[in-house]
Amino acid sequence: MKRFITLLLLLALMTALLTGCHGGKKRVAFRVPMEFDESKQYEISFWAKNDTNITQVNIYKQAIADFEALYPNIHVNLKTYTDYATIYQDVITNIATDTTPNVCITYPDHIATYQKGSNVVVQIDALMADPNYGLGGSKLKFDGPTEEEIVPKFLQECFIGDGHYALPYMRSTEALYINKDLVTKLGYDIPDVPTWDYIWEVSEAAMKQDADGVFLVNGQTTLIPFIYKSTDNMMISMLKQKDAPYSDSEGHVLLFNDTTKEILYSIVPHAKSRSFSTFKISSYPGNYLNAGQCIFAIDSTAGATWMGSNAPNSDIHSENIVQFETVVRPIPQYDPSNPYMISQGPSLCIFTKEDEGEVLASWLFMQYMLTNDVQIAYSQTEGYIPVTSKAQNSDVYQEYLSLEGADNNLHYDVKIKAAKLFLSNIDRTFVTPVFAGSASVREAAGELVENVTRSVRRKKTVDDEFIAQMYEDTAALKHLDQITVTDTKSFGPLPKTSAVLLVSLVFVWTVLIGIFIFRRWKATQEG
Amino acid sequence: MKKLVSILLTFVLAFSVFTACGKKEKNDPTPAPTTPATEAVTATPTEAPTTAPDAPDVKSEGVMTHAQYVAAADEDEVLIECYVQDHQSWWDNKISVYAADTEGGYFLYNMTCSEEDAAKLVPGTKIRVKGYRATWAGEIEVAEGATFEILDGNYIAPVKDVTNMLGSEDIIYCQNLPVAFNGLTVVSAPTYKWDNSGAPGDDLYFKVALDNQVFTFTVESYLRGKDTEVYKAVEALKVGDIVNLEGFLYWYNGANPHITKATVIGNVDAKSDGVMTFADYMGAEVDDEVTIECFVQDTQSWWDGKITVYAADLSGAYFIYNMTCSEEDAARLVPGTKIRVKGYKAMWAGEIEVAEGATFEFLEGSYIAPAVDLTPYFTGDTIISQVPEVAALMNHLVTVKGLKVTGDPMYKYDGSGTRGDDIYFRVSLNGVSFSLVVESYLRGADTDVYKAVENLKQGDIIDVEAYLYWYNGAQPHVINVTVQQ
């Protein structure tokens, strides 16, 4: 009888194992190896993003060289991109062929989409916590940050669903770059935290022209007082400042609401007067700002080296540059006492590979990118800030900040002002919820601003009917109706494997109880 | 009796029909061509032979075939039999004749001929010519001073449509034959003499384009003088006229047809009702709705239902950014294709364009705008973008010759990119320095121009061909680079 029971148990166990084997080709979750094998050669790929900035590329190369000197058995192949969208597309393409890079610069929005596949991106919580190779681990060959030394807000941004899938690499926010000379000429002061009403008012005041079409304030025939580079961020920030819905972490798209409509209506008169425009419609804000043809330019702090009369990266002919004082302020607010600005910038993730040693090698390199040398050097290329307090508080970085304006390259004042603006407002930054499809919601937010602005310029009527249709069209165009909503309030259907296991257990226990009852009954009969 | 006569007549008729069929088969005026040139001609002759041939492919003993004639060396004595197709005006006992047999064409230059005999050289006349073979600027001919005799026989060669052979090497096999070209676009006004130094009555020269190639055609005044219909028709041609042409495929360092008939069938600049002219388009305000008709010159790579198009008409060029387009339609947007585009005008960093999201439809017609040479505008102390004549060529195909490469090519404008990204390189000419770009969506890493630019070295002297894109000033998108030796 014992043999029979054993067989039944074995059968149940095998059933469970078999169901577990179904889909066995899926990538398996990563486990941290006990030791990193330094006798084995590893070749890992690193897909990086730079802002069309050769200094940034050189910093990557230097970091790789320094890392390889510490770990001679790891060779890192660098591939650089200049925009996130292309990296994203390339990764998506390579997921299908299982040829993803080892380490990749990314946005959390993108990771959420990558994770539609099973274990494509490595969840790094175990790696972070590993006493040997984790953050601040005892067997690291470099002085990396501990978990506590990563700015908590930035690390939290990399928590996606059930754990951390990335480490922050650099962070920036948006800044308002102002031509102070023109504002003063119009008779206005510049507040510490400008409001939207202030921006609109000054912009409209700047639109006066003489009979020949020359703008009085700048003496030129071209003037766009206010240009916003990223209209995605514009709408998202405005909604955040108004505490209005946008989306949630479950994947609900809440963007198409009455507050959004109210915001769009507030843009209409300024699009109509052409005191407001966007990058997509008119090109880079910095081009106009530096030519004295724009008063308020909103762009990333990571674009600070393009802003101002002495900008080291100005894109226009030198004879078109106008001399003026550039003031850096937070983006406009509805409530200046409670400002909000977006947190953005690249993060790093690692992709699952069959060889756990290869994944560990990737993790070591990823951590190395958070060391002070790399963090400080890269942040100095633009108005980025390091993501670790360890780097931010270092003497080297503090000295860099103190030399604001000492020259027009490394210490370019607008760039350092932008970095300082961010450093003093980290607690005022926010991010949007991340889920598969959140990148599309972001694009849709920008499209609403672009469409309304374009339509008004094209003399179309923007009314409730127009906006309702635009909501519908934008949702369809961005496939927002195809986003899968994850309802965290219910557990959903039981996984198949679990169901089989439970049924097997019930079956085994039923049989065992049956046998027990039968034996008791038989004993009673015999007794 | 009647019955018998009827039977006999029927028999004779049947016999005559039978022999006529046999004769026809033997003397087919358009037998299968034997030379590569005629094999390559696939178009239907535009004009059927007007006269039944009299064994035109049969040569007397000792007479060369066309192939033998072509293969002979210059100054070899040649004896040919051919049929007069046309001739230039007789003068001083000489006459130049365009002749043919079923295998190919002949040009008999200044053949010795009395005025009386000249009158007998009507089209179709068979002649035996004895002289010496010569080649002059590529034209194979019987040299001046050849003699001839008139034979029995008559043959008019069919006019062959060689439009699709223009620009190909094979067209030389049709040398001196009567040919037709259809749908060519006039790209330069006719001139008296090749350099416009002449006067009415002199040869007329005019340039026509097909796809991206330009050819020089001539009305040879000794063949068709100033009072002829074709001379007057060509004098009246305007740039942009779309023409059908006929003539003899004369050769002067390449195909230089002598035209005998010109028919205007349209004009590139003709716009449908409600469609803007180029001037209207340029005069429109930014964000105005625009409807244009133009011809595709080139495209960037299609992606996600969008395609960016470089287009032109006779008056100017257009840049149509991210036009809405299916992948299937994108494949049809080959150079020359005429399209009607509806969208909104935009200006982006100085670039005048039709904004993203424009729609289009295909139209009948084809035109490739010839490149404009910008080289003369490169003078010292000039900002090239500020030269009005240059600004007026925005988005147009341009060439610049003799540029000196002054900086190593870089992926992205500052070298931060990798292979596959746009390539930027600095050049200068007469003290004017500026950047050129190989736009990777226009010419990717696998293209010849991309590879050629990757290999440029400082100091190289180059000629470039590019679309005059604008980004805060002229920033040409290069499609061709030639390093000068």
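User: Let's start with one residue: is A:H479 buried or exposed?

Analyst: This is a predicted model, so keep that in mind as we go. A:H479 has 11 other C-beta atoms within 10 Å, so it is exposed.

User: And where does A:H479 sit in chain A?

Analyst: You'll find A:H479 in the loop between helix 19 and helix 20 (496-526) of chain A. Its backbone is worth a look too. Most residues other than glycine have a negative phi. A:H479 isn't a glycine, yet its phi is positive, near 55°.

User: What about chain B, then: what is the phi of B:D304?

Analyst: About 55°, a positive value in a residue that is not a glycine. B:D304 belongs to the loop between strand 13 (289-299) and strand 14 (306-312) of chain B. With 8 other C-beta atoms within 10 Å, B:D304 is exposed.

User: Back to helices. How do I read a packed pair, and at what angle do helix 18 and helix 19 of chain A pack?

Analyst: In general, two packed helices are described by the angle between their axes and the distance between the axes. Here, helix 18 (residues 438-457) and helix 19 (residues 464-477) of chain A pack at about 140°, and their axes are 10 Å apart. That angle makes helix 18 of chain A oblique to helix 19 of chain A. Roughly antiparallel would need an angle over 145 degrees. As for handedness, helix 18 of chain A passes helix 19 of chain A in a right-handed crossing.

User: Which residues make that contact?

Analyst: From helix 18 of chain A, A:A444, A:E447, A:L448 and A:N451; from helix 19 of chain A, A:M470, A:T474 and A:A475. By class, the contact of these two helices has four nonpolar residues, two polar and one charged.

User: Zooming out, how many helices and strands does chain A have?

Analyst: Chain A has 20 helices and 16 strands. Of its 527 residues, 46% count as buried. If you take the contacts in chain A with a separation of 6 or more, 74% are between residues 24 or more positions apart.

User: Now the interface. How many residues of chain A are in contact with chain B?

Analyst: The size of an interface is often given as the accessible area lost when the parts come together. For this one we have residue counts: 19 residues of chain A are in contact with 16 residues of chain B. On the side of chain A that touches chain B, helix 2 (54-70), strand 2 (74-81) and helix 11 (279-282) of chain A each supply at least two residues. Helix 2 of chain A gives the largest share, three residues. By class, that side of chain A has five nonpolar, 10 polar and four charged residues.

Notes: Residues numbered from 1 in each chain as written. Chains lettered and ligands numbered in written order. Predicted model: local features only at pLDDT ≥ 70, side-chain atom pairs only at ≥ 80, totals over all residues. Axes fitted to C-alpha atoms, helices over the stretch in contact; angles between N-to-C directions. Helix = DSSP H or I, 4+ residues; strand = E, 2+ residues; numbered from the N terminus. Parallel < 35°, antiparallel > 145°, perpendicular 65-115°, else oblique. Left-handed = near helix turned anticlockwise from the far one by under 90°. Contact = placed C-beta atoms within 7 Å. Nonpolar A, V, L, I, M, F, W, Y, C, P; charged D, E, K, R; others polar. Buried ≥ 20, exposed ≤ 12 C-beta atoms within 10 Å, placed from the backbone.
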